[in-house]
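Here's a quick briefing on one structure, written for someone who likes cut-offs spelled out. Have a look at the sequence and the model first.

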Amino acid sequence: MILQGNRVTLGITGGIAAYKAAELVRLMVKDELRVRVIMTVNATRFVTPLTFQTLSQSQVRLDTFETASPERVEHVILAQETDLLVVAPATANILAKMARGIADDMLSTLYLAYAGTTLLAPAMNTQMYLHPATQDNLRILKDRGAIVLNPGEGELACGDYGPGRFPDPPYIMERILDLLYKKDLEGKSLLVTAGPTREFFDEIRFISNPSSGKMGFAIAQEARRRGGKVYLVSGPTYLTPPWGVEHIPVTSAREMHKRVLALFPHVDVVIKAAAVADFHPLPLVDKGKFKKGKKDSLTLELKANPDILAQLGKKKKGQILVGFAAESHELLKNAQEKLEGKNLDLIVANKISEGFGKDTSKVAILRRDGTTCELPTMSKDEVARVVLDEVIPLLS
Ligand code: PMT
């Protein structure tokens, strides 16, 4: 991860959603953020500070006047050591104090001493959330630059139905990372393809491959976090598209071809991680399901699909083209042929036994100048980071 800073101060205030903040802290620690937790007294009535101390591996701050040494003005020093202030859950009470500048506990005092970005995740009873006082306070905070997440809608712990639910911790985490990432793809547009294609020969049967979409989705997520405008054209997968990415679902190679070609003139970079079928079967019936009858065998006639990447290689006008090569043998030799044959700037080569469906991959990156970078087994998130690190110098 390339972050502008990793010190997050998390304010937890007194609502039932305080228990969900434990999951948020766990996610932050997993992503190697340095988390310092401040709890309000009311928050400690819902969850004990020990929970957050254990998860964050750091002392939970409760009292403005509690200090490690007499010369430390704790709220001022902590504010200076904060790259991002997150208040989750944020109650109506803390929103009112922050909007009006009331500093009567550690969290509200730190807020006044802090000059950076604030991310707020309001969570409360629907009527409290919709009350004009709360809505006014949210407006004041937004006008002042705070990023306010919309609460989820649904049945609340108090039994009411409506807006007020704490957003899912993974979603809050994504917004946190989005704010902390270095924006080295700001102003750039990227088209990423992912997943398999499905080539139907009747209404319900198709030829496909085991691509899960994980590699392409990881690239799309990393590019978006780094500030790029990302179009993700993907074949059928079970994955949720990353936040902030424009997702364009497709089914067949011919559909992918159409969507990719239409987007191509509008992007700076194309990264084709999709496992596109090279052929499609001619349909066995015009409509519905093919009936087997008494047949012992069946022959499908396959017709070539357009090679999307090769076509982009012919059309490119300054765009950076990155292909993937999935090979069963002679990995580097075959990848090199694809790099040249499809007029690519980079190609990411992986063995079929190591890429499809897994959370990790072992890849080699072949460059246009003939050099190759062979990488150890890494998570697909890490591969995504390395691939984008290779793309960025090519853009300038
Ligand atoms: O989705 P995952 O489970 O995470 O797995 C990731 C992956 C193994 C699918 C990925 O890492 C990968 O290798 N993708 C490319 C697989 C592939 O189809 O390789 P290929 O060698 O057949 O194609 C070479 C390149 O041409 C690819 O960029 C492909 O997207 C592109 N292509 C291929 C055929 C075609 N008709 N049009 C294309 O654009």
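An oxygen atom of the ligand sits 3.0 Å from a polar backbone atom of phenylalanine 324, and that counts as a polar contact (a pair of N or O atoms within 3.5 Å; within protein, one must be able to donate a hydrogen and the other to accept it, and residues adjacent in sequence count only if both atoms are side-chain atoms). Keep in mind that this is a predicted model, where local features need pLDDT of at least 70, side-chain atom pairs count only at pLDDT 80 or more, and totals for chains, interfaces and linings use all residues. Residues are numbered from 1 along each chain as its sequence is written, and side-chain values use heavy atoms, with hydrogens and water left out.

- Serine 212 puts a polar side-chain atom 2.6 Å from a ligand oxygen atom, while a backbone N or O atom of glycine 213 lies 2.8 Å from an oxygen atom of the ligand.
- On its own the ligand has 770 Å² of accessible area (Shrake-Rupley method, 1.4 Å probe; for residues, only the protein chains shown count as cover), and the protein covers 96% of that.
- There are 27 residues around the ligand (a heavy atom within 4 Å of it), and Ser211, Ser212, Lys338, Asn350 and Gly357 come nearest.
- By type, that shell splits into 13 nonpolar, 7 polar and 7 charged residues; here Ala, Val, Leu, Ile, Met, Phe, Trp, Tyr, Cys and Pro count as nonpolar, Asp, Glu, Lys and Arg as charged, and the others, Gly among them, as polar.

**Pocket and elements**

- The ligand takes up the space of the second largest pocket. On a 1 Å grid over the protein atoms alone, a pocket is an open set of points with protein on both sides within 12 Å along at least five of seven lines, and a molecule sits in one if more than half of its atoms lie within 2 Å of its grid points.
- Helix H9 (214-225), helix H11 (308-315) and strand E16 (320-327) each give two or more residues to the shell; helices (H or I, at least four residues) and strands (E, at least two) are DSSP runs, numbered from the N terminus.
- E16 gives the most, with 4 residues.

**Sheet and hairpin**

- Five strands form an open sheet in the order E2-E1-E3-E4-E5, with parallel pairing (at least two DSSP bridges between two strands).
- Strands E2 (34-39) and E5 (147-148) are at the edges with a single partner strand each, so one side of each has no neighbour in the sheet.
- E1 (residues 7-12) and E3 (residues 84-90) are parallel over 4 bridges, and valine 8 has leucine 84 as its bridge partner in E3.
- E6 (residues 152-155) and E7 (residues 161-165) run antiparallel, joined by 4 bridges. They make a hairpin with 5 residues between them, and glycine 159 in the turn has a positive phi of about 100 degrees.

- Most residues other than glycine have a negative phi, and most peptide bonds are trans.
- Alanine 88 and proline 89 are joined by a cis peptide bond, with omega about 0 degrees; proline 89 lies in strand E3.
- Glutamine 57 has a positive phi, near 55 degrees, and is found in the loop between helix H2 (49-56) and helix H3 (74-80).

Key
On a 1 Å grid over the protein atoms alone, a cavity is a set of points where a 1.4 Å probe fits but cannot get out, and a pocket is an open set with protein on both sides within 12 Å along at least five of seven lines; lining residues have an atom within 4 Å of a point.
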